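User: I've got the structure open, and I'd like to go through it label by label. Tell me what each label rests on.

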Amino acid sequence: MAHSSTNILSVQDLAIGYDSKVVAQHISFELEAGSLCGVVGINGIGKSTLLRTLGGFQPKLSGDIYLNGQNLEKFTSSDLSKELSIVLTEQPASKNLTVQELIALGRQPYTNWLGSLTEVDKQKIKESLDAFLLEELRYRKCHELSDGQLQRVLVARAMAQDTDLILLDEPTTHLDLYHKVQILKMLQQLAHGQQKTILFTTHEIELAIQLCDRILILDGKNHPFGNPCELIEQKHFDRLFPSEMVQFDEKTGTYKVNK
Amino acid sequence: MESPRSYRFSFALLAIALFLSWLLNISSGSVSIPFADVLSSLLGKNTGVASWDYIIWDYRVPKGFTSILVGGGLSLSGLLMQTLFRNPLAGPFVLGISSGASLGAALLLMGTSILAGFTSFSFLGDVSLAIAASIGSFLVLAVVMLVAQRVKDTMALLIIGLMFGSITSAIVSVLAYFSSAENLQRFTFWSFGSVGNLSMDQLLLLAGIVAIGIILSILSIKSLNAFLLGENYAQSLGVSLKKSRTAIIIATGLLAGGITAFAGPIAFVGLAVPHLTRQIFDTMEHKILIPAVLLYGAILMLLCDTLAQLPDSASVLPINAITSLVGAPVVIWLLVRKRKMIF
């Protein structure tokens, strides 16, 4: 297969789902280093399943996934943990961890058998704290944080894991508009500033159009992929929802409710 | 993260407290021995009264060490379970692990006599009791683990643990009904719990089992910390779920099963001590929590045993009753005072 060297993630004719039930198929896209990509689509179309498959949590049904040019299935879990980090919708099991302790867990792939932190690890943790404006909260317990703060902590943990690819499952749910924009802006900075490849699922189509470099639309048929402007021109967003309820306005890049 | 200075101070305090409670434990008992004589006997000098030396060296010192092993080991198994099941109310007693050990012991102590008629008890060594109790606790632990993977609800898991407790105690009752008076008495005494009746060989065996449990726990420190985020996150951090889960389960089963075999089912220590420890050591880092719960559990057990050993009286209360009397209010206090038991 042909892989250009800058492609971090390459997905070819992927089918995802469970044993007998195909959730989505014929998914193909490629992501370059430093790009922010949103995955949009209606509920139940397979966004989370795609993310779980890319993250190595569940086996694909068919097709190919290449991470840094290597077949995803060939990675051992400890090698994969240095290439790919993930932010899930589930809350951390223990919220009694402090912000700093939780972010420090992101360094586990690199630490010794006891998990002792080296100077490099501490530096990475500090960078993550700074990047997500968590410096002042570092000794707070996670159960004391607001939803928006906790989400920032979880993303900061993924950043501390220092992987080429970061996957996030609905990082903006339960947040108000301000914090939605804040977290997506931070993701954009992380992607562009540190050349991280970031893929996240979201229902915030209008924000994704404004902030993402690439968008993957899961529509149950041919799953269009491209930069937001191309997708708007090709009228893919118009077809995302039944048109009798909402209509996509190409000029503003927003959905309008049909009166 | 790193162990800060303040924890070193707490560790030093705990170590001193452990030493003091050990001394207190050793100097109290049914025979009143002056403290000065206890000290001089411990330092290797003769007290002049032969029976005193005998009582101190052959009875009280082994009992003190048993308490330390039992308290520390049970507390560690509780900590492991709370992290593994992501549940603050998990513990060897609540999840039915102790009941499993009881069932194993009951089958051995009472079941064999039913099967084999008047089998003499002598061929059943200490090792077989330890094995039977450990197998019992492993079985229950394995079933609870299987159920835990299906039922994500922590409440349901606890109720299932309680149900296992009911099932095993029902089987034990049936066994007891058909058992001979002598074997029934053996089992009843065992179920009261005791740290005092261990021979040197038994003590060494128990120490070996607890040591293996502690070593496995230390080797699991990194994965235990990762489990604090949940299993999916742990996997994404490169933790081999199967391997680390197995290591933790074996450690828990050995600790809870082995200790229950020798000392009887001792309630609440495993559940309460990790929470008490977190009141002092405000961290989730297992590197700090593991030694802390070992120390704390040992102290608590020594104190409970000292209480059970009513000073200057010949009667010894069942240790299981004492730990319940101390442990249950602690759990209630934690729930009421802190609203929820933070884990």
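**Where the chains touch**

Analyst: Start with the contact between the chains: chain B puts in 23 residues and chain A puts in 25 residues. Two residues are in contact if their C-beta atoms, placed from the backbone, lie within 7 Å. On the side of chain B that touches chain A, the elements giving two or more residues are helix 9 (221–227) and helix 10 (231–236) of chain B. Helix 9 of chain B gives the most to that side, with five residues. Before we go on, this is a predicted model: local features need pLDDT of at least 70, side-chain atom pairs count only at pLDDT 80 or more, and totals for chains, interfaces and linings use all residues. Residues are numbered from 1 along each chain as its sequence is written, while chains are lettered from A and ligands numbered from 1 in the order in which they are written.

User: What is the angle between helix 2 and helix 3 of chain B, and how do you know what to call it?

Analyst: The axes of helix 2 (residues 35–42) and helix 3 (residues 50–84) of chain B come within 10 Å and cross at roughly 70°. That value makes helix 2 of chain B roughly perpendicular to helix 3 of chain B, because 65 to 115 degrees counts as roughly perpendicular, under 35 as roughly parallel, over 145 as roughly antiparallel and the rest as oblique. The axes are lines fitted to C-alpha atoms, for helices over the stretch in contact, and angles run from 0 to 180 degrees between N-to-C directions.

User: Which residues make that contact, from helix 2 and helix 3 of chain B?

Analyst: B:D37, B:V38, B:S41 and B:L42 come from helix 2 of chain B, and B:W52, B:D53 and B:I56 from helix 3 of chain B. By class they are four nonpolar, one polar and two charged. Nonpolar here means Ala, Val, Leu, Ile, Met, Phe, Trp, Tyr, Cys and Pro, charged means Asp, Glu, Lys and Arg, and the others, Gly among them, are polar.

User: Why is helix 13 of chain B called oblique to helix 14 of chain B, or is it something else?

Analyst: Helix 13 (residues 286–308) and helix 14 (residues 319–337) of chain B pack at about 120°, with their axes 9 Å apart. That angle makes the pair oblique. The crossing of helix 13 of chain B past helix 14 of chain B is right-handed, a term for the near helix being turned clockwise from the far one by less than a right angle, with anticlockwise giving left-handed. The contact is made by B:C304, B:D305, B:L307 and B:A308 of helix 13 of chain B and B:I319, B:I322, B:T323 and B:V326 of helix 14 of chain B. Their classes are six nonpolar, one polar and one charged.

**A lysine in helix 3**

User: Is B:K63 buried or exposed, and what makes it so?

Analyst: B:K63 is found in helix 3 of chain B and has 22 other C-beta atoms within 10 Å, so it is buried. The cut-offs are 20 or more for buried, 12 or fewer for exposed, and partly exposed in between, using C-beta atoms placed from the backbone. Leaving aside neighbours within four places in sequence, B:K63 is in contact with B:V195 and B:G196. The C-alpha atoms of B:K63 and B:W52, eleven residues apart along the chain, are separated by 15 Å.

**Strands of chain A**

User: How do you know which strands pair with strand 8 of chain A?

Analyst: Strands pair if DSSP finds at least two bridges between them. Strand 3 (residues 36–40) of chain A pairs in the parallel sense with strand 8 of chain A over four bridges, and four bridges also join strand 7 of chain A to strand 8 of chain A, again parallel. A:V39 has A:T201 as bridge partner, and A:L165 has A:T197.

User: How many residues of strand 8 of chain A are buried?

Analyst: Strand 8 (residues 197–201) of chain A has five of its five residues buried. A:T197, A:L199 and A:T201 point one way, and A:I198 and A:F200 the other.

User: What about strand 6 of chain A: which residues lie on each side?

Analyst: A:L84 and A:I86 are on one side and A:S85 and A:V87 on the other, and all are buried, which leaves both faces of strand 6 (residues 84–87) of chain A covered. Strand 6 of chain A pairs in the parallel sense with strand 7 (residues 165–168) of chain A over four bridges.

User: Which are the edge strands of the open sheet in chain A, and what makes them edges?

Analyst: The open sheet has four strands in the order 2-1-4-5, with antiparallel pairing. Strand 2 (21–32) and strand 5 (70–71) of chain A each pair on one side only, and they are the edge strands.
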